[in-house]
Amino acid sequence: MKKYFFAFALLLFLTDGVAADSWRNYANPFPIRDAFAYGDGVMMATAGGIRYRTTSYDYTFTSVDGLETSSFYSIVPSFAGIFALSEYGKVVYFDTQTNRWRVINRSFESNKSRVIPGVSVAAKGIISIAFDDRLAFFDIGKASSIITIDRIASKNFSSDKITSLVAKTLCAGRTYRVVAFSQKTDVEAIRQTMAGLQSVKQSA
């Protein structure tokens with residue numbers, strides 16, 4: 001009887017080990033939704049976790065590395081470190097000392113609004129996060145949301161979704177402005193906005 005019990009326990013242990021390896025090996029790091037150059041390679045937000053790839057190394061961070069979920073829509077470099085945003089806005093931070101990710105905020109998830117892939121930006125300790133129907137501002141130092149807005153003047157983000165965010169530093173680096181472009185923003189409006197920001201910067 002003991003022999004059978006030992007064989008069953010050993011089989012269960014091996015099965016668990018294979019399952020863990022299968023999860024790591026077959027977590028699909030596609031599609032790539034956002035990326036930036038980091039170290040000798042590229043850090044990417046994917047549907048299968050956060051992937052880091054160089055010419056000689058390829059690793060996908062998953063839930064076992066602290067992510068808690070696999071689907072990520074944006075990855076944001078900043079002077080404070082690297083941050084990533086899950087599908088519904090869970091904010092995670094990459095600890096370079098332990099080479100692990102850590103969840104620092106879950107407050108956006110209750111809105112059930114998807115992050116727009118590759119649009120979020122960081123400046124002056126604030127991450128500006130574009131969602132399907134809103135724009136949120138996240139304080140990195142306090143790891144908390146500052147404010148979330150669903151419209152600016154007559155522009156409603158539910159019907160006119162944000163397609164890009166530009167953070168421009170103004171006044172000799174003392175402040176900055178985030179400009180949101182949407183699906184209905186025409187090319188001439190973009191050109192005039194960027195020219196205006198450049199003239200403000202030069203006169204500061």
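I begin with a cut-off: a residue is buried when its relative accessible area is under 20%, exposed when it is over 50%, and partly exposed in between. I also note that this is a predicted model.

**Entry 1: Arg134**

I looked up Arg134 with that cut-off in hand. Is Arg134 buried or exposed? Its relative accessibility is 19%, so Arg134 counts as buried. I then looked for its partner. The side chain of Arg134 meets that of Asp133 in a salt bridge, with 2.9 Å from N to O.

**Entry 2: the other salt bridges**

I asked how many salt bridges the structure holds. It holds 7. Some share partners: Glu68, Lys90, Arg106 and Glu109 are joined into one network in this way.

**Entry 3: Asp58**

Next I turned to Asp58. Which residue does its side chain meet at 2.6 Å, N to O? That is Arg51, in a salt bridge. Asp58 also forms a salt bridge with Arg53, where the closest N and O atoms are 2.7 Å apart.

Asp58 has a relative accessible area of 38%, so it is partly exposed. Arg53 is partly exposed as well, at 41%. Arg51 is buried, because its value of 9% is under 20%.

**Entry 4: the chain as a whole**

I stepped back to the chain. It has 2 helices and 16 strands. Of its 204 residues, 36% count as buried. The chain exposes about 11800 Å², and carbon and sulfur atoms supply 56% of that area. I also looked at contacts between residues at least 6 apart in sequence: 38% of them join residues at least 24 apart.

**Entry 5: the nonpolar cores**

Last, I looked inside. In soluble globular proteins, nonpolar side chains tend to be buried together. The largest nonpolar core here has 15 residues. Which of them touch the most other members? They are Met43, Ile50, Phe61, Ile75 and Trp101.

The elements that give two or more residues to it are β2 (41-46), β3 (49-53), β5 (72-78), β6 (81-86), β7 (91-95) and β8 (100-105).

Conventions:
Residues are numbered from 1 along each chain as its sequence is written. This is a predicted model: local features need pLDDT of at least 70, side-chain atom pairs count only at pLDDT 80 or more; totals for chains, interfaces and linings use all residues. Side-chain values use heavy atoms; hydrogens and water are left out. A nonpolar core is a set of buried Ala, Val, Leu, Ile, Met, Phe, Trp, Tyr and Cys residues joined through side-chain atoms within 4.5 Å. Buried means under 20% relative accessible area, exposed over 50%, partly exposed in between (1.4 Å probe, protein chains only). Helices (H or I, at least four residues) and strands (E, at least two) are DSSP runs, numbered from the N terminus. Contact means heavy atoms within 4.5 Å. Accessible areas come from the Shrake-Rupley method with a 1.4 Å probe; for residues, only the protein chains shown count as cover. A salt bridge is a side-chain nitrogen of Lys or Arg within 4 Å of a carboxyl oxygen of Asp or Glu.
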